[in-house]
Amino acid sequence: MELFRGIDVDWLGKKWYFLGFSLIFSVAGLFSIFFWHGIPKGVDFKGGTLVYVSFDQAPNEDHIRAAMDAAGLHDATIQRISNGPLTQGSKDEVIALPQRDTSESALDAGRVAVLNALTTGYQDSSFSIEKVEVVGPQVGKQLTHQAELATLYSLLGMLIYLWFRFELIYGVAAVVAVFHDTLITIGAFSLTNQEITLTVIAAILTLIGYSMNDTIVVFDRIRENLRTMRRESLSVVVNHSINQTLSRTILTSGLTFLTVLSLYLFGGEVLHGFSFALVVGILIGTYSSIAVAAPMLVAYQDWRTGRGKAATLPAGKKSRA
Amino acid sequence: MRKNLTGKTVAILAILVVFVYGIFGLPHGLSGSALKQSIADRIHLGLDLRGGTHLVLQVMVNEAVASVTDNDVARIQADLQKASLTFGTVGKLDPTHPEIITVTGTAPDKTSDVRSLLESTYQNYDVSLNADNSWTLTMRHQAVLDIQSHAVTQSIETIRDRVDSLGVSEPVIQQYGLGDNQILVELPGVDDPARVREVIQSTSRLEIHAVTGGPFPTEADALQSVSGVLPPDEEMVHGNGTGEGPDQVWILKRVSVVAGNDFRDAEPSQDENGRPDITFNLTSVAGDTFYAFTSANVNKMMAIVLNNRVREAANIEQPIRDSGRITGGFSPEEAQNLSLTLRTGALPASLNTLEERSVGPSLGAASIRSGVIAAVAGMVAVMVFMLIYYRGAGINADLALFLNLVILLGFMGFTGSTLTLPGIAGVILTIGMGVDSNVLIFERIREELHLGKSAASAVDQGFAHAWVTIIDTHVTTIVSAAILFLFGTGPVRGFAVTLTFGLLANLFTAVFVSRVIFDSILERKERGTALSI
């Protein structure tokens with residue numbers, strides 16, 4: 001069975017459509033980040049208390065709210081936990097208290113308060129506390145800082161590796177593509193108002209690596225073809241390379257997407273954010289190799305020609321002669 | 001050309017056996033539950049899968065520095081007195097800088113004497129004279145750092161002793177973070193973080209003081225009894241005995257007779273009426289001191305002071321050497337906690353909790369279940385697809401994938417790595433990314449076949465061209481994973497570990513193992529028959 005035989009699409013010709021598509025999603029994401037939901041931060045970054053409660057019978061959120069108010073916890077947010085689209089009738093709730101109620105000398109106070117509030121105020125059924133996360137303000141800042149550093153170093157490491165294996169422009173094009181992917185993924189979180197936790201950051205770093213992978217496969221082919229197709233223009237070479245690697249690209253993304261989809265559907269609530277990031281990231285990462293990184297190479301090339309420099313993009317350090 | 005296929009096949013089978021051993025160890029039996037037990041013994045589960053409590057504690061190291069300088073303040077006073085050098089005050093003026101001591105009011109003509117005394121005895125300090133004839137002693141930076149790091153290591157030891165008493169299996173207590181004096185405590189199977197913190201952070205201080213006056217109903221009354229002036233070596237301490245009854249004021253000698261480290265052992269027990277109390281033993285040195293004190297003060301009162309409140313005032317009926325009993329008013333839990341604190345010694349500084357996470361065991365089990373289901377579903381989907389799309393070569397890919405997972409899990413068993421829920425996600429991701437290598441190779445082989453090359457030559461070319469790309473893609477993902485490992489904590493590290501091991505294993509299986517399988521198929525075929533791909 002073979003799906004991608006003899007494909008000959010002019011990818012670069014469609015670059016304005018791609019640009020439009022990317023712009024729409026980027027702008028929508030940015031708009032949401034700056035003016036709508038902002039970047040929803042999980043408890044790891046903003047601090048606070050999260051109490052996951054499992055009830056014996058379907059919980060009544062109004063009664064829970066009443067119990068919290070009676071105990072003076074007016075800022076509590078109460079949310080039903082969904083275990084993804086494939087589980088029905090979840091009986092779990094997560095009760096969140098903002099960081100204001102969490103001082104480092106009494107970190108436990110929030111959890112104890114929630115426990116007491118439910119014990120005295122909620123009569124509908126018995127319950128048990130399944131999980132607690134309390135993050136003090138100092139740790140919140142620390143973790144944010146670490147996440148930022150990790151992302152920065154990742155991008156830097158990739159740039160240097162690609163500079164070493166190819167040419168600087170390849171590295172820059174790939175980093176721009178990855179940046180685009182990260183922006184759209186975070187925008188997706190903002191638009192759907194999902195929280196960004198530590199595991200989500202891990203997913204984002206993974207999709208940075210994954211998007212790089214994808215871009216590298218195309219670049220490798222471009223480099224190979226530049227050596228053999230010396231008389232063709234760069235656009236023709238790039239188009240040809242994309243077409244040649246298309247079957248591999250679609251297949252791999254499809255397969256990885258299948259596994260990540262399985263995670264999203266069956267993996268449970270804890271990995272929800274993580275799998276959502278990967279689902280979005282894999283789709284966008286594949287798209288960006290074709291629609292962002294490759295056109296950037298050609299655009300840079302055209303810019304260099306426009307300024308009177310060499311007409312063909314060097315294939316890489318090996319063919320400098 | 002035989003290419004030594006037999007040798008390579010044997011090597012692959014040997015590796016399979018080795019890594020299966022890594023997963024299971026030597027299983028006790030072959031039933032489902034025996035195998036599960038073997039896996040559980042080899043592969044450690046993270047807290048998010050096993051259930052347990054995770055705490056990050058900040059050691060308030062400035063308190064440790066402050067108590068050292070407090071001691072030094074007293075010593076400077078004593079030393080200056082002994083050398084007959086007059087002085088006004090010795091103290092720390094700035095509470096936010098416990099490492100600075102200020103001495104005022106020394107005689108201007110004795111400057112050199114004061115300086116030589118201070119500099120020779122207090123070599124951990126930089127001594128400087130100020131314009132207003134006061135002296136500033138600043139503890140040297142290295143000495144401060146030493147005190148701080150000592151406070152952290154001692155806290156870790158004390159916490160370890162206290163945690164041992166909780167009977168937790170495989171606790172993790174270690175320094176944490178990048179040099180911020182933080183301690184990580186992970187206790188699997190314990191899901192009551194309040195009790196844990198109670199036990200770990202209790203800073204109860206028990207002391208025995210000589211009583212010189214009391215009980216009085218108020219401080220005013222107490223002062224009246226000494227004509228309004230409290231002697232410098234005495235202090236007023238409140239207490240209400242065993243907890244019932246009104247607050248009273250006692251006058252005690254400031255310096256304790258025995259305190260803190262003088263207690264060698266303490267156990268909760270019961271008095272004649274069956275109520276909880278504490279029996280204690282003193283160290284032999286402290287025992288001598290106590291004996292001397294009690295002999296000299298028969299029929300006088302001594303006060304047992306707990307956390308700066310008088311707990312109990314008892315008449316000294318006879319000399320006591322080194323064992324005694326503190327009675328009255330304890331709940332069984334209080335007796336237990338206090339005994340533990342006395343036994344394990346005091347914390348050098350107090351601990352603030354920065355982060356606390358706990359997972360109940362049923363949530364942990366549910367997470368394992370969903371993780372495993374997702375992994376199996378993903379793997380089945382991928383394997384089926386490869387069979388449909390690549391036919392015979394699909395079997396090749398599926399075998400390589402299976403071996404990949406065995407090696408990955410075996411690696412984890414051998415290195416004692418911890419499997420977390422994101423770690424399971426890493427396994428799932430390895431499946432997807434791992435099969436990528438096979439796709440790269442197979443697509444290239446198909447291309448070469450379309451160009452008219454023979455089966456053997458197509459396989460050759462396919463592997464040769466794909467190799468470069470495989471290296472590039474694996475290196476970049478491993479770089480991401482390495483950075484995640486460096487900057488991540490617990491669960492995220494688990495993810496980085498499984499992803500890295502998985503990709504390393506994949507380099508082996510997708511290239512070497514797949515090649516061997518292709519070669520053995522080509523061996524058996526006659527020239528000209530098509531390759532099933």
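In what sense do strand 3 of chain B and strand 4 of chain B pair, and over how many bridges? I looked this up first.

Entry 1. This is a predicted model, in which local features need pLDDT of at least 70, side-chain atom pairs count only at pLDDT 80 or more, and totals for chains, interfaces and linings use all residues. Residues are numbered from 1 along each chain as its sequence is written, while chains are lettered from A and ligands numbered from 1 in the order in which they are written.

Entry 2. I found that strand 3 and strand 4 (residues 100-104) of chain B pair in the antiparallel sense over three bridges. Pairing requires at least two DSSP bridges between two strands. Strands are DSSP runs of E with at least two residues, helices are runs of H or I with at least four, and both are numbered from the N terminus. B:Gly91 has B:Thr102 in strand 4 of chain B as its bridge partner.

Entry 3. I then followed the open sheet of chain B, where four strands stand in the order 3-4-6-5 with antiparallel pairing. Strand 3 (89-91) and strand 5 (125-129) of chain B are at the edges with a single partner strand each, so one side of each has no neighbour in the sheet.

Entry 4. I turned to the two chains and noted that 55 residues of chain A are in contact with 57 residues of chain B; contact means C-beta atoms, placed from the backbone, within 7 Å. Strand 4 of chain A runs antiparallel to strand 18 (residues 351-359) of chain B, and five bridges join them. I located B:Glu355 in strand 18 of chain B as the bridge partner of A:Val135.
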